Amino acid sequence: MSASATLFRNARLLDPTSRRDEIGEILVRDGVIAALGRRVDAPHDAAIVDCRGACLAPGLVDMRVQLREPGAAHMENMVSASHAAASGGVTTMVALPNTTPPIDEVALVDYVKRRARDIGIVNVHTYAAITKGLAGKELAEMGLLAEAGALAFTDAECAVADAVVMRRALSYARTFDLLVMQHPEEPSLAAGGAMNEGEMATRLGLPGIPPAAEVIMVERDLRLVELTGGRYHVAHVSTAAAIEAIRRAKAQRLPVTCDTAPPYFALNETAVGDYRTFAKLSPPLRSEDDRRAVVAGLRDGTIDAIASDHSPHDQDSKRLPFASAASGIIGLETLLPLSLELYHNGHLSLLDCLNAVSRAPAEILRLPAGVLAIGAAADLVVFDLDRPWRISEKAFRSKSKNSPFDGRPVQGIAMMTVVGGRLVFEREG
Amino acid sequence: MTSKRLILNPLAALARSCRSVSLVTPARHPYISLAMSDGSATTSFRHRHLLGIEGFSPDEITLILDIAESHVEPNRQPDKKRSLMRGRTVINLFFENSTRTRTSFELAGKRLGADVINMSVSGSSIKKGETLIDTAVTLNAMHPDVLVVRHAESGAVQLLSEKVNCAVINAGDGSHEHPTQALLDALTIRRRKGKLGGLTVAICGDVLHSRVARSNIQLLNIMGARVRVVAPRTLLPAEIERLGVEVFHDMRRGLADVDIVMMLRLQTERMQGSFVPSTREYYRFFGLDYEKLAAAKPDALIMHPGPMNRGVEIDSEVADDIDRSVIRQQVEMGVAVRMACLELLGRDTERGNGPALP
């Protein structure tokens, strides 16, 4: 795309914000959307891309990704993650701060931003830690970190367990109108646990994590939100009880949002089978009832967004006895097709589905992304909505291959990814 | 797959188990003699490994018990050595301390004529998990025929079995399974009661952390026994009733009219305040003494997988009651059962090293 302008023709334009769903054209100039509609006037020298009726939507905004850089570049780094993102239709990634060292200082936020700019494939933003060293004790410099560019605050996979610390975090964050994101799990109830508590765990002789560990933390935090008025986001919600608590909080108009990740609506605890460590997650895969509750939460809008929860782990971290293995799965390259299952299965409209992976997370994080509108950044994904394919770990661009979805037949695949008007990925064939 | 099943005559099997009550079993071998009489026959035992009781059929369990039974009497003779596994190598790979189980497997292998090697991997050096797979790959290169493995983590033995070509016997993995313990318990019961089906068995104590309990629940259910668990709620795993047991929290009710009382060991680190408030409180409510035992049938047997905490889960006098306690017989049957397992999995090396069977 060397020409200054590019015209995408013959595309099914899908925009969750305006609810636009029509065959049309979109003109991209200088990295932004210059025009869109049924027919648009394009300059004579504009490059033409014929989308052949494929869908064209805002690029995905993945609001929770572990990049493993700095500290564990053998599992993933920003280059490999950026390629993985681009091939999955993700144009913006928001990195969790649980790196080594953790992102709890301004210099580290600067580092991530600089690396992202140098690599320049997809947009990369970062969270910063709520507490220094993710230790759950002293508040990190939230104001300065936000000024440096941290989008929001979280201790990543560690819950802020101390109620006083959480109260102050929410209260202090409100001073600067910042968002606090919690890993919803009461640590003392989950300690030593390897999978969801229940019949499966009992049969396998694995220590269980009770579903109540999630709702207990969420309920406590919601009281603190009432107390402080701080903006609060629940990460990867996975249980019926926690979803119900959030539903009630939203009805009370508390400043609460939440997201889930594809494994929590696409799998249940039976995926653990015979100690499959690729199905070990935090929070753990839950019961079928909980899975259905996640789908219902997405349907009624209680769950705002879907994030990949991309957690790369090398073989040495996963080829272990189940309880010793690391938690987490990669997800950048499977976020789109797994989310589209919700559409193909009739749970969500196509626009609502796309909203959950683009506009909604952007709104939560106040990012100017996830929209098809004149003047908006040309972060786009062109995807074939119906194409059937099989997820294969061999095709992953991520450095790590830990996915429980290997071999799963899915429908819908990214064909082209555009970031700031530049083509960063094009699928062959 | 050429799986011609050995047809075990149910009447013959019944006759065998009835005879076994008399404790005088002729030294003979139903499995091997039948297999030999028809050179192409294979048994209905279609497992490559013994990782757990779950998934076994009643026929398969009966087969193991029958073979084990045939080893009991020879084991009491001065010359205990057989040559059924001559030239085979058995490696005892213990990632967790054990004297009893390891010795039992070692004797079983040696009595069958196999070469037995003991490897104990100390707790500290297995913290790095890759050692488990590294160890498996290293040992595999030495072409053992059977690996007997104990590990502190559930599923570790299965993980290891996926990386080796030989047969693997689970000698206890975490809180998951301890299949040879359940088999030796079954043999002990069958010899005294003549059957397993129809009996009521109470498993008492720390079911939450017990692999012995899980294997016994599986086996006894498969064989048609009624299984109860009796424990304080803190020592029962979630949804245990889904495994086919009746749940009791009171010893007298739980032991009412049972045929078998199986006590479980309460680990020291779980006694003080974490799962139960104290040893004496535990003994008061869940320790087996004559008063609680009075609820069981008059001829109910008392079992314990050992090592016992006398005065914690069991009263010393009860444990030593010659008429009721079969704790020492359990140890004896352990060797016979392990001989049967080693033999079934390790004797036919061609099968043992072949591709995984369905």
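Ala, Val, Leu, Ile, Met, Phe, Trp, Tyr, Cys and Pro count here as nonpolar, Asp, Glu, Lys and Arg as charged, and the others, Gly among them, as polar. By that scheme, the lining of the second largest cavity has three nonpolar, four polar and two charged residues. The model is predicted: local features need pLDDT of at least 70 and side-chain atom pairs 80 or more, while totals for chains, interfaces and linings use all residues. Residues are numbered from 1 along each chain as written, chains are lettered from A and ligands numbered from 1 in written order, and side-chain values use heavy atoms, without hydrogens or water.

Now chain B. Strands are DSSP runs of E, at least two residues, and helices runs of H or I, at least four, numbered from the N terminus; two strands pair if DSSP finds at least two bridges between them. An open, parallel sheet has the order β2-β1-β3-β4 in chain B. β2 (115-120) and β4 (167-173) of chain B are at the edges with a single partner strand each, so one side of each lacks a neighbour in the sheet. Six bridges join β1(B), residues 89-94, to β2(B), and Ile91(B) has Ile117(B) as its bridge partner.
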